[in-house]
Amino acid sequence: MNLIRAPCSYVALYLGVDVGATWTRAVIVDTNARVLNRVKIKTGVNPLADVAAAVENWEFDSIGVGSIGPMDLRSGWVVNSPNSPSRQFPLVDPLKRLGKPVVVANDCVAAVWGEYVFRHRVDNLVYITLSTGVGIGAIVNGTLLLGKDGNAHELGHAVIDFRQGRPCGCGGVGHFEAYVGGANMPRWFHEVTGERPAEPAEIFKRHREGDPKARQFVDMWLEALAAGVATVVAAYDPELLLMGGSIALNNWDLISQELPRRLRKYLGVRPPEIKQASFGDDEVAIGAAALAYRIPDSLRKFGYPR
């Protein structure tokens with residue numbers, strides 16, 4: 001679908017791109033976060049070049065990209081992504097052919113900014129995604145946190161267990177993501193139960209059906225989730241913590257019931273309110289569009305838009 005705008009009824013439109021480990025999504029949104037057009041592409045070795053080809057006939061005013069990381073914001077590259085087809089790829093240069101300003105950030109940074117701009121004007125806000133991996137984005141006292149290279153939010157790789165040495169896809173051990181990330185769950189399930197590796201959807205299905213081994217594993221998974229979330233809360237002290245990603249969205253009844261109770265024993269501070277994220281599968285793409293719509297001051301310091 002091509003969007004044609006009459007000059008007398010001009011409405012600003014933004015292209016938001018979500019580069020995930022498995023899928024890359026692009027949406028057109030307006031200033032009310034309404035999605036007017038979309039495309040979904042299997043993530044390849046140069047995902048932004050694929051997006052540029054797919055949207056070259058679309059109309060929009062500027063581009064925001066939310067990508068898996070880690071990244072180097074100054075160069076505009078992802079530099080060491082553990083779960084993607086290509087561990088390194090450019091975020092800005094492939095989009096220059098479209099002739100529009102480009103802003104980029106980590107996927108969860110984009111997501112938390114989209115929540116802040118379009119839904120929750122809370123000065124201390126954290127977003128966590130539970131999907132193939134684990135990602136975090138944070139706003140503290142109204143400032144979007146980025147760090148020296150744009151990776152201040154990589155607490156999916158915070159160590160929550162220094163004893164067992166469970167490997168993470170990044171090469172480290174004992175990380176939050178190594179326990180609760182979807183890519184690592186099958187192997188951990190096998191180690192805990194002695195059964196063949198099972199995908200997250202199957203594990204949670206068996207848990208709901210009362211399978212004792214699946215229930216044993218999910219109980220451990222929930223404890224690891226609570227420990228990791230407690231680390232995030234200790235780092236950022238949010239008023240509101242939002243959770244998205246396929247694992248969170250598909251198992252929200254279980255997480256919303258169990259996480260607050262389990263979290264309390266790990267925290268030494270007042271817990272945040274915990275809610276489901278607002279935009280479903282479009283969370284990062286809409287957040288990326290929000291980056292282009294209202295560019296955060298902390299991102300301008302890295303020379304964006306470009």
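Me: What makes the span of helix α8 close to the expected one?
Reply: In this predicted model, α8 covers residues 252–264, 13 residues in total. The expected span is 1.5 Å times one less than that number of residues. This gives 18 Å, and α8 reaches 18 Å from its first C-alpha to its last.

Me: Where is the kink in α8, and what is its angle?
Reply: The kink lies at Glu258, shortly before Pro260. Its angle is about 30°. That angle is taken between axes fitted to the seven residues ending there and the seven starting there.

Me: Why are some residues of α8 called buried?
Reply: Buried means under 20% relative accessible area. Trp252, Leu254, Ile255, Glu258, Leu259, Arg262 and Leu263 are buried in α8. The buried residues pack against β9, α5, α6, β12, α7 and β13.

Me: Which element gives the most to the lining of the largest pocket?
Reply: The pocket holds about 890 Å³ of space. Of its 41 lining residues, Thr129, Ser131, Thr132, Gly133 and Ser246 are the closest to its centre. α7 gives the most to the lining, with four residues.

Me: How do the residues of that lining divide by class?
Reply: There are 15 nonpolar, 18 polar and eight charged residues. Gly counts as polar.

Definitions and conventions: Residues numbered from 1 in each chain as written. Predicted model: local features only at pLDDT ≥ 70, side-chain atom pairs only at ≥ 80, totals over all residues. Heavy atoms only, no water. Helix = DSSP H or I, 4+ residues; strand = E, 2+ residues; numbered from the N terminus. Buried < 20%, exposed > 50% of the residue type's maximum accessible area, 1.4 Å probe, protein only. Contact = heavy atoms within 4.5 Å. 1 Å grid on protein atoms, 1.4 Å probe; cavity = no way out; pocket = protein on both sides within 12 Å on 5 of 7 lines; lining within 4 Å. Points joined across faces, edges and corners; volume = space filled by probe spheres on them.
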